[in-house]
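Thanks for coming, everyone. Have a look first.

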Amino acid sequence: MKIAIMNNGYLGMVRQWQELFYKDNYVAVSMSQPDFMKIAEAYGIKGIRVEEPGQVDAAIRDADAHPGPVLLDFRVTADDNVWPMVPAGAALSETVESADEVV
């Protein structure tokens, strides 16, 4: 089993909704979190932290080559948004592809 965490230290989609639809009114989205590498170690799982885009390919190859479970902690920028997304309260048919589509 390979476990990948896209770790921005926030409740990412909620932060994105607050940015795009609630005028940057950020409420309760910053997360304190454990050291995932120490958790992996405590369970005997190989842990790989990825902090730079240039480390991604090697980390994935390393994880794939490892015969047992691996936890990959991908550190991503806190304010990067994810597209496409469904706005809060919207239907799937109202999916938006970029910030330009947000009214």
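How many bridges join strand β2 to β3, and do the two run parallel or antiparallel? Five bridges, and they run parallel. Here β2 covers residues 46–50. Keep in mind that this is a predicted model.

Now the other partner of β3. Strand β1, residues 2–7, pairs with β3 through six bridges. That pairing is parallel too. One example: Met6 has Phe74 in β3 as its bridge partner.

Is it mostly covered or open? Mostly covered: five of its six residues are buried.

Is Asp73 buried or exposed? Buried, with a relative accessible area of 0%. The cut-off for buried is under 20%. And what does Asp73 touch, once we set aside neighbours within four places in sequence? Ile5, Asn7, Phe36, Met37, Ile48, Arg49 and Val50.

Next, the helices. Helix α1 runs over residues 12–21. Its buried residues are Arg15, Gln16, Gln18 and Leu20. After α1 comes Lys23, and its phi is positive, near 55°.

Step back to the whole chain. We have three helices and three strands. In sequence order the pattern reads β-α-α-β-α-β. Why call this chain more spread out than a compact globule? Because its radius of gyration is 17 Å, well over the 13 Å that the globule rule gives for 103 residues. Along the principal axes, the C-alpha atoms fill a box of roughly 45 × 25 × 25 Å.

How much is buried? Of the 103 residues, 25%. The accessible surface is about 7,000 Å², and carbon and sulfur atoms account for 55% of that.

On contacts, take pairs at least 6 apart in sequence. Of those, 57% join residues at least 24 apart.

Last item, charge. The chain carries 8 positive and 16 negative side chains. The centres of the two sets lie 8 Å apart.

Terms used: Residues numbered from 1 in each chain as written. Predicted model: local features only at pLDDT ≥ 70, side-chain atom pairs only at ≥ 80, totals over all residues. Heavy atoms only, no water. Helix = DSSP H or I, 4+ residues; strand = E, 2+ residues; numbered from the N terminus. Rg over C-alpha atoms; globule rule 2.2 N^0.38 Å. Buried < 20%, exposed > 50% of the residue type's maximum accessible area, 1.4 Å probe, protein only. Contact = heavy atoms within 4.5 Å. Areas by Shrake-Rupley, 256 points an atom, 1.4 Å probe, with all protein chains shown as cover. Lys, Arg positive; Asp, Glu negative; His and termini not counted. Charge placed at Lys NZ, Arg CZ, Asp CG, Glu CD. Pairing = 2+ DSSP bridges.
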